[in-house]
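Q: Please take a close look at one part of this model, the aromatic residues and the charged side chains around them. I would like one connected account.

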Amino acid sequence: QVQLAESGGGSVQAGGSLRLSCAVSRYTYRSVCVGWFRQTPGKEREGVAVFSTGGGSTYYADSVKGRFTISQDSAKNTVYLQMNSLTPEDTAMYYCAADLDAGNWCMDRPPRISFFGYWGQGTQVTVSS
């Protein structure tokens, strides 16, 4: 059973930065697909950034390209989402998700949200103008 725990959300003014963290526990597979997703009330959950620990390209939503960066610290089993130049449109609940990357589904674009079997509880990001 994989457990994910997000942290780092909060309130920030437009133009500011936040770094979200996702601690991934009990995952021993070599290739894991990890992603950050976000959702606002009344809207579908959307992929923000996705990558595979086994390698390959990283996905970024068009709306965050050049501003957000997903990265990992393997020693700490932690995945980060660095968010810069935040705008009020980035306000959402952010979720970390992961699952075994078998069959290269992690490289599908747009990200296959339904393939992610493990989700964190979410962390709120609020950007004020």
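A: A residue is called buried when its relative accessible area is under 20%, exposed when that area is over 50%, and partly exposed in between. The model is a predicted one. Y95 has a relative accessibility of 15%, so Y95 counts as buried.

Y95 belongs to a cluster in which ring pairs link F37, Y95, W105, F115, F116 and W119. The count of aromatic pairs comes to six. One of them is formed by F37 and W119, with 5.0 Å from centre to centre and 50° between the planes, a tilted arrangement. F37 lies in strand 4 (residues 32-39) and W119 in strand 10 (residues 118-119), so this pair ties together parts that are 82 residues apart in sequence. F37 is buried, at a relative accessible area of 0%, whereas W119 is partly exposed, at 27%.

W119 also pairs with Y95. Their ring centres are 6.4 Å apart and the planes stand at 75°; planes over 60 degrees apart count as edge-to-face, so this pair is edge-to-face. This pair, too, links distant parts of the chain, since Y95 sits in strand 9 (residues 92-100) and W119 in strand 10, 24 residues apart.

A charged side chain accompanies both rings. R45 lies over the face of Y95, 3.9 Å from the ring centre. R45 also lies over the face of W119, at 4.7 Å from that ring's centre.

Next come the salt bridges, of which the structure holds five. R38 takes part in a bridge with E46, where the closest N and O atoms are 2.6 Å apart. E46 is partly exposed at 33% relative accessibility, while R38 is buried at 6%. R38 also meets D90 in a salt bridge, at 2.9 Å from N to O. D90 is in the loop between strand 8 (78-83) and strand 9, and R38 is in strand 4, so the pair links parts of the chain 52 residues apart. D90 is buried as well, with 1% relative accessibility.

Another salt bridge joins R112 and D108, with the closest N and O atoms 2.4 Å apart. Both partners are partly exposed: R112 has a relative accessible area of 38% and D108 one of 25%. As for the bridges around R38, those that share partners join R38, E46, R67 and D90 into one network.

Conventions:
Residues numbered from 1 in each chain as written. Predicted model: local features only at pLDDT ≥ 70, side-chain atom pairs only at ≥ 80, totals over all residues. Heavy atoms only, no water. Phe/Tyr/Trp six-rings, centres within 6.5 Å; stacked < 30°, edge-to-face > 60°. Helix = DSSP H or I, 4+ residues; strand = E, 2+ residues; numbered from the N terminus. Buried < 20%, exposed > 50% of the residue type's maximum accessible area, 1.4 Å probe, protein only. Lys NZ or Arg CZ within 6 Å of the ring centre and 35° of its normal. Salt bridge = Lys/Arg side-chain N within 4 Å of Asp/Glu carboxyl O.
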